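The sequence and the structure come first, and notes by topic follow.

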Amino acid sequence: MTEVNQGRRQKAITAPTTPVTENRQFGSKMTDSKYFTTTKKGEIFELKAELNSDKKEKKKEAVKKVIASMTVGKDVSALFPDVVNCMQTDNLELKKLVYLYLMNYAKSQPDMAIMAVNTFVKDCEDPNPLIRALAVRTMGCIRVDKITEYLCEPLRKCLKDEDPYVRKTAAVCVAKLHDINAQLVEDQGFLDTLKDLISDSNPMVVANAVAALSEIAESHPNSNLLDLNPQTINKLLTALNECTEWGQIFILDCLANYTPRDDRESQSICERVTPRLSHANSAVVLSAVKVLMKFMEMLPKDLDYYGTLLKKLAPPLVTLLSAEPELQYVALRNINLIVQRRPEILKHEMKVFFVKYNDPIYVKLEKLDIMIRLASQANIAQVLAELKEYATEVDVDFVRKAVRAIGRCAIKVEQSAERCVSTLLDLIQTKVNYVVQEAIVVIKDIFRKYPNKYESVIATLCENLDSLDEPEARAAMIWIVGEYAERIDNADELLESFLEGFHDESTQVQLQLLTAIVKLFLKKPTETQELVQQVLSLATQDSDNPDLRDRGYIYWRLLSTDPVAAKEVVLAEKPLISEETDLIEPTLLEELICHIGTLASVYHKPPSAFVEGSRGVQHKRLPGSAGSGESVESPDTGSAAGVSEAPPAVIPSQGDLLGDLLNLDLTPPTTTGPPPPPASSGMQMGAMDLLGGGLDSLLGGDLGGGPAMGTGFGAPPAAMPASFNVPVSGGLDDLFDLGGGVGMPMGAFNPPKTVWLPAMKAKGLEISGTFVRRAGVIQMEMTLTNKAMSVMTDFAIQFNRNSFGLAPAGPLQVLTPLSPNQSIEAALPLSTVGPVMKMEPLNNLQVAVKNNIDVFYFSCQYPISMLFAEDGKMERQVFLATWKDIPNDNESQFQIKDCHLNSDAASNKLQGSNIFTIAKRTVEGQDMLYQSMKLTNGIWVLAELRVQAGNPNYTISLKCRAPEVSQCVFQNYEMVLKN
Amino acid sequence: MIGGLFIYNHKGEVLISRVYRDDIGRNAVDAFRVNVIHARQQVRSPVTNIARTSFFHVKRSNIWLAAVTKQNVNAAMVFEFLYKMCDVMTAYFGKISEENIKNNFVLIYELLDEILDFGYPQNSETGALKTFITQQGIKGQTKEEQSQITSQVTGQIGWRREGIKYRRNELFLDVLESVNLLMSPQGQVLSAHVSGRVVMKSYLSGMPECKFGMNDKIVIDKQGKGAASDDAGKSDLGGGSSGKQSIAIDDCTFHQCVRLSKFDSERSISFIPPDGEYELMRYRTTKDIILPFRVIPLVREVGRTKLEVKVVIKSNFKPSLLAQKIEVRIPTPLNTSGVQVICMKGKAKYKASENAIVWKIKRMAGMKESQISAEIELLPTNDKKKWARPPISMNFEVPFAPSGLKVRYLKVFESKLNYSDHDVIKWVRYIGRSGIYETRC
């Protein structure tokens, strides 16, 4: 190489401080810091005098002092007129200072601020573009209505200014004005001018216009303001190559909101965005990654380009890790999301996530998370070696997380489990308190994943019993002792030692101890009777905690009524824990991918969780994949997208109307340990005396008796296990059906299940359902589907107060945890004795469902026929009398169109829904059916149904003392007759 | 977007407070002081959310810079902006310190007004800013000058103004690399990478078009054999120590002056450089790294109260080259009571305050070896926790690029002015420094 002089240079390159030394003069020449020190009394008065001085220098000094006081939070608003007087000056520095003051105080002195308007308007005409821009920029920051009125004309001119510097400033000013007065901006047509600026010749003007439009569009979700089409996209992509780094970010972020029409367009945009991955600015890189991650969804996977793109993404992501620590943190939080969505991108890059000794703690913790996500059979040895190193570091949080990570590796990579366990044992040997405790917690999880494999380590664990002082570790240890009681010789002694301080333990430990001792008793009944007695009485009699008491009672009754059943319940086989319990729920993950680089991706929360107002409430989604015939990885993407188009049933916010619902106790049965015993019918009967009246409601309010019941409940306990995994109420129905006698010729019409709660809105839980009434029992039949990736447990349900007092008659029975992609049927018997509140519409029901993830709310409508009692057939005479008795005002008439049943068929059909025909009259070829029905709350509804042969339109007249139900009843007629 | 920007001193007193959005009130200033600066715990995250307000913070010496927002802003952009803000301030008045900030607070407000509009970052290239944000005011400008300023600030080449003239056209290239290593006690490389920067100082007239070439494997392979052998002859002069002809670059990023689309399609690096010093590119390599030093540790525990440590370092580069500023840091347990050190070369000292033996060697040639041995006396303790044995770390500086990168050319074209590529005086320098260079023991 000849062009370049070689060798080491001595004098040629001086220290990089050259530019600094030239500018030091600033510091020495001007000692502005003195302004910070004035704290004398009468200061304001003095400043006033100085501001009104004739000498320019003195004025300027005074304004500086004012600004300094303002900065430190002193109130200098009293000087407003004096400062504004200094505004008309040709000294730009002074002008800027005055403007700064104005921006701060104009709002508190709106009348005074008007004094400044003239100067602003004049400045907007100044020949110097810098001054024009300064004026329009500052004016936009003064949030006083009177000033904004005057702003419109200058702004209009500045948007069309010949100088790009003025135009780019004016573009942002439109956003400012919109923030103050959105209507004004629309009325004045600024939005159209702003849209025109997207085609401006200057890249920076384009970028600022895009930024302003994006912001305005955010507060008008459906305005289609940023009308992105291939032409505008092309303009943006052109500007992307030419504008500043910040402009590139605005444009890329805007681009990410676009949905290409097909995979071709998607690919061509990706091709033009990829060069940005080499930009020195990390934010440009991350925004480019966002666009690529999003548009990639549309590319067919067999496309060569798809593979190329995947390969191109890895290096820039790794490079982000050599940025400053704060940016590394942002990058790592994003990589965490990217790795979950597309693990293939970084699967070979494990090493770069190894923790460095002097990384800040927040970087260390994030790296650890990603290491676990990337752990696989291929790299597990390396990962484990690293984790073991980390477990000896200083920071307690980090060490704990490292220990926990070892456990997660064991669960994730089956082949490594053995090595992980032995590593954990080594760590326990260190005897460092928090390490030991953390290790025990994760070993418990390993037992849950690989039962009957590593129990040999229990002895070592037991040695450390005394050192455990954290509830989680104690609970884990107790669980282990209870679960493997038969293999631990002194299990009873160990558990007894915990029992001494029972009331000082946290609830978690108490519950665990209770369950563990019951387990122990069922395994070794002879030696431990006393112990179990003791714990049951501690839990039921001496405790204030309702959860603990309830669990205590349930065990007690179980044990006293049927030990065999107790064994089935308490020692039931537990489902294996899933390896990916810590993954972000897929719908949320998709949304977060659309927010790469932003705060949402740092918090791992949707913007609606931390942004106030209308901004950010829109949920973003990944585009569905295009390309025919390939059923790409996420079938739920498509379905989720489809569902969200039909939003009606879900109650949008947990707002005030749900007030009292929120206060209801939705605590599910506590987490660890076996699921609480299901309320199997036989058991409840046996336990009736203990539980008292409470059970009645459990079996449904008007379950008065009936011949079938006796036999039903008399079923021998041996039958129980069979019905164990079936929702209990389902079993009840069968019994009633056997009993017969109540059955109807046609059977009641039950509407088909509809989706009440789409998975999109409930972190992956989908609920569809319907209502049925069988033999006087109202049931809510639901299908719960888990569309998330983690197991769901601990379901519970609660209703808001409603018009007819519907309330769950028992807990929601979902016995087994709901694995991903699994559905379960659940039937919930309802009573009508709950609290009453009139709803609109009358048959509206607001429901809250809880699981281990969150609480979700939806509302649904039940057919009113659910409430028609079986004894709703009125005597003829009574009917006539009542009909006359109810004032005519209460009569309402409806038309039922397109019904092709004859009167007998209709009558038959209606009877299935407990609408009883009392009499039939035929007048001039018209059949008149007189019908009655009775609501559960005792309201009678009388009806006259006119059916004319050959005419598909029926006429119905309804009379009722509570006329508001008529509409619902009519709807019900229509529904029943047409199905 | 950014709602406000505050600068605090270490006590939490506000030095600068500029609010851009209506949703940020004065109470945000105090919230940050109370919850972050005065917080007892060490910073657990550079982004803190207090009462639905997010604070992005960075610290420079004992000055806190905090950007505040209530919206879902681009977080990466906010941090990039804060760093940029620091750069701009440094370029204007030197070190970021309480005194300098107080002395220049008017200037800082003026800058903040210019580079952040309604929370949107605007052109923040120091070169451009200095043309119109000065402490002298801009009264004296002619109309042409004014429009030149605005076109530069908003233009495609926002980083360079027109009409620059030098009597002598000269440019300096520094290839600065930091080599990172994590090695197991057995000498196995756990991870190693080089992160490098090419820093350029240009003193060139007009609007020169530059083209930069290096021994990038992809480019060399593309050019085929003929060109490669031609280069081989030259590159021996290249100042590096290995005969490697090309290197595989994992990833690189460029200053905004580089035409990225051209790099993407042709892998050629062309640009119009800013005037003065700037960072042209950053890159990262992980393959075939020359590790300038090898550390061989030997730690032996003699009973419960004594440790014997022996560390050998070997230099692994051409004997004609000299490494400088070598420092080996050997951590010692917390309960160390006394240390005896013997070293063949340089000086070694036990520094109780740092819990380490620090061994310094001024210069060391290639292919040499040196050794230190130490006896560490320990106080008996009943601390159950084992000593964590932090890794032995090393610092050094070597006059070559450990990645093997070599500059092949930097061509300058300026068609409008009468100087050609040959008239430009060019200088290249390679410096390899240790990044995190650790060996576990």
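Two strands count as paired if DSSP finds at least two bridges between them. The model described here is predicted. The notes below cover a strand with its partners, a helix with its surroundings, and one histidine.

**Strand E13 of chain A**
- Strand E9 (residues 891–896) of chain A runs antiparallel to E13(A), and six bridges join the two.
- Within E13(A), A:Leu958 stands opposite A:Ser892.
- E13(A) also pairs with strand E12 (residues 940–948) of chain A, again antiparallel and over six bridges; here A:Cys960 is the bridge partner of A:Val941.
- Five residues lie between the strands in the hairpin of E12(A) and E13(A), where A:Gly950 has a positive phi near 85 degrees.
- Because seven of its seven residues (954–960) are buried, E13(A) is largely enclosed by the rest of the structure.
- A:Tyr954, A:Ile956, A:Leu958 and A:Cys960 cover one side of E13(A), with A:Thr955, A:Ser957 and A:Lys959 on the other.

**Helix H21 of chain A**
- The 17 residues of H21(A) (396–412) should span 24 Å at 1.5 Å a residue, which agrees with end C-alpha atoms 24 Å apart.
- A side-chain oxygen of A:Asp395 lies 3.1 Å from the backbone nitrogen of A:Asp397, capping the N-terminal end of H21(A).
- Buried residues of H21(A) include A:Phe398, A:Ala402 and A:Ile406.
- The buried residues of this helix pack against helices H19 (361–374), H20 (380–390), H22 (417–429) and H23 (433–449) of chain A.

**A:His178**
- A:His178 is in helix H9 (residues 164–180) of chain A.
- A:His178 counts as buried because its relative accessibility is 8%, under the 20% cut-off.
- Beyond its neighbours within four places in sequence, A:His178 contacts A:Val185, A:Glu186, A:Ile216, A:Ser219 and A:His220.

Conventions
Residues numbered from 1 in each chain as written. Chains lettered and ligands numbered in written order. Predicted model: local features only at pLDDT ≥ 70, side-chain atom pairs only at ≥ 80, totals over all residues. Heavy atoms only, no water. Helix = DSSP H or I, 4+ residues; strand = E, 2+ residues; numbered from the N terminus. Expected span 1.5 Å × (residues − 1). Buried < 20%, exposed > 50% of the residue type's maximum accessible area, 1.4 Å probe, protein only. Contact = heavy atoms within 4.5 Å. Polar contact = N/O pair within 3.5 Å; in protein donor to acceptor, adjacent residues only side chain to side chain.
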